[in-house]
There are 2 protein chains.
Amino acid sequence: MANKIRIAICGYGNLGRGVEKAIAKNKDMELKVIFTRREPEKIAKQTKTPVVSIEERNEWVDLIDVVIMCGGSATDLPKQVPMFAGMFNTVDSFDTHADIPSYFAKVEQEAQKGGTVSIISTGWDPGMFSINRLYAEAILPEGKTYTFWGEGVSQGHSDAIRRIEGVKNAIQYTIPKQEALECVRNGETPEFTTRQKHLRECYVVLEAGVDKSKIEAEIKNMPKYFADYDTNVHFISEEELIKEHSGMPHGGSVIHIAETSEENKQVVEYSLKLASNPEFTGSILVAYARAAYRMKKEGASGAKTVFDVAPNMLSMKTTQELLKMV
Amino acid sequence: MANKIRIAICGYGNLGRGVEKAIAKNKDMELKVIFTRREPEKIAKQTKTPVVSIEERNEWVDLIDVVIMCGGSATDLPKQVPMFAGMFNTVDSFDTHADIPSYFAKVEQEAQKGGTVSIISTGWDPGMFSINRLYAEAILPEGKTYTFWGEGVSQGHSDAIRRIEGVKNAIQYTIPKQEALECVRNGETPEFTTRQKHLRECYVVLEAGVDKSKIEAEIKNMPKYFADYDTNVHFISEEELIKEHSGMPHGGSVIHIAETSEENKQVVEYSLKLASNPEFTGSILVAYARAAYRMKKEGASGAKTVFDVAPNMLSMKTTQELLKMV
């Protein structure tokens, strides 16, 4: 392939490493550089890709087609994406659902100024789950949509446990309740309470001499995070935590139920079973980087969401190959 | 809503009736007219919508935004869609996979001439299944995709049985083999034979005095349709056939398996459980009619496939509402 799409990664944590692996599986792309806020020398040992400080980004403007933004949604992306957009085409996986409209507006302003394309909130939720909710609701507008998450590790809930005094480390799994899942798959459309849809399994390593029952109560009663759920707390050793709970599996299901006429129920389901959440999310970012590159080439500019991107923009295949795939 | 999208249906069989029901659930649309090849008076008794002969279509050019083509793929659509495209925006569910590229070329020629938009081969396979295969393969290009059909009624296979001399009526169900389905859902990637993926259940009503074992052998040995499958033949009365087998359920699954790195398997599944195949397909056609209308308004023209249509084009929601849904 003559002209590969030239990619930069910004942020080299779990997600950045997932993106790096995904780029290696996409022959029309090459990874040119990694931007980091940390000391580039420290990162450089972990990868064969050149690593430079985020401060040097201006020097790369003509050498990069798309920057894949791999920072966190809490503080990194809201700061970094508006900084990069306008100078570079970008893609990100900003996932704070409630803040997407205001985040979009900020990125839109920069991207319109620079005439670049920035696709925000790719990934799987938001992202592939959003797309599947939209397709199902557009086709069957009078239906009801359920989203189940898990079985998988929730970083937010794991962090919440880790912040408790006396907790050395912790991993929290979100698990959809099978009864609820089966009931929806069979076309029923109940109103679930929070407790009826998911349960939470916590694996906790304590500091020496800490009272187990006190910590257990503190977790189970934590408002928002655990109080509304059936929560199980397991105390394990740090060794076991590292050995058994170092993976980052996740997944879930979007299920849409609708009647197209009396008694004719239609059930649409999209499900993910992911052995590695960051590697899957990284793969989605890479496909949307291709779309950003192409949309810019076709004359588009501004902030985009996954809803604005036609499926053909994501694929390496030619128009003729795609026609055979319909 | 001030300006509803003005729809015409061409062809009033099972699919046409499914489209009529779907339009009633989409408040931004109204069904203006049904075109038929048959005598309009006969159809008129079945519906409140005006019914006119297909020959009168020219008189409706300024009164219709999109024509939803509901004929069969074997003979109707290849003849009718090029006849309507160029004068009207159209959508159809042409489903002869192998002929899609040549069909596309024919429709493209007419639509480009007339400056109209024609979205071909919507429905669920081709259609939603194609989209899901494309998304999964674009995100995880080194994976393997499996498609399972059923449990559901195959019209083609039912017809094949009905053509046998001595058969009065028949319904054939395509059923995915649970072992194969489970194996793929668990992330295995075997090569299946035809027999390993699906089985075929046939419910057959015989003419009086016909030899059951002869017919059973004839069905089971029919090349292409049944010979490569485990096929079960059940002889039943016409009364039972009408009572138990008049529904048109269908469905299936697209499952994509890929490794993003050693031992990290990712499983993506899209599944449909449809009580009524024509009503679900009709609902998809209606959503793509909205897309055809909008794409034309935005200045597009020519033949399009589902791959060319961004998800936002299908939805009744406003841009601001969609942003909240990402």
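This is a predicted model: local features need pLDDT of at least 70, side-chain atom pairs count only at pLDDT 80 or more; totals for chains, interfaces and linings use all residues.
Biologist: What pLDDT does chain A average?

Modeller: pLDDT is the predictor's confidence in each residue, from 0 to 100. Chain A averages 97, and 99% of the residues score at least 70. For the complex, the predictor gives an ipTM of 0.97 and a pTM of 0.97.

Biologist: How many salt bridges are there over all chains?

Modeller: Side chains of opposite charge can pair when their charged atoms come close. The rule asks for a side-chain nitrogen of Lys or Arg within 4 Å of a carboxyl oxygen of Asp or Glu. The count over all chains is 39.

Biologist: Where do Glu216(A) and Lys220(A) lie?

Modeller: Both are in helix α9 (residues 212–220) of chain A. Helices here are DSSP runs of H or I with at least four residues, strands are runs of E with at least two, and numbering starts from the N terminus.

Biologist: Is Glu216(A) buried or partly exposed?

Modeller: Buried means under 20% relative accessible area, exposed means over 50%, and partly exposed is in between (1.4 Å probe, protein chains only). Glu216(A) is partly exposed at 26%. Lys220(A) is also partly exposed, at 31%.

Biologist: Which parts does the pair of Arg290(B) and Asp28(B) tie together?

Modeller: Their side chains meet in a salt bridge, 2.7 Å from N to O. Arg290(B) lies in helix α11 (residues 277–297) of chain B, and Asp28(B) in the loop between α1 (14–24) and β2 (29–36) of chain B, so the pair ties together parts 262 residues apart in sequence. Arg290(B) is buried at 0% relative accessibility. Asp28(B) is buried at 7%.

Biologist: What order do the strands of the open sheet have?

Modeller: Strands of a sheet pair through backbone hydrogen bonds, either parallel or antiparallel. Here two strands pair if DSSP finds at least two bridges between them. The six strands run β7(A)-β12(A)-β13(A)-β13(B)-β12(B)-β7(B), with antiparallel pairing. The edge strands are β7 (144–149) of chain A and β7 (144–149) of chain B, each pairing on one side only. The twist averages 10° from one strand to the next.

Biologist: How many bridges join β7(B) to β12 of chain B?

Modeller: Six, and the two strands run antiparallel. In β12(B), Ser253(B) is the bridge partner of Phe148(B).

Biologist: Which strands does helix α11 of chain A lie across?

Modeller: It lies across β12 and β13 of chain A together with β12 and β13 of chain B. The helix runs at about 70° to β13(B). Axes are lines fitted to C-alpha atoms, for helices over the stretch in contact, and angles run from 0 to 180 degrees between N-to-C directions.

Biologist: Which residues is Gln80(A) in contact with?

Modeller: Contact means heavy atoms within 4.5 Å. Leaving aside neighbours within four places in sequence, Gln80(A) touches Cys10(A), Arg37(A), Ile54(A), Met69(A) and Gly71(A). Gln80(A) sits in helix α3 (residues 76–84) of chain A and is buried at 6% relative accessible area.

Note on methods:
Residues are numbered from 1 along each chain as its sequence is written. Chains are lettered from A and ligands numbered from 1 in the order in which they are written. Side-chain values use heavy atoms; hydrogens and water are left out.
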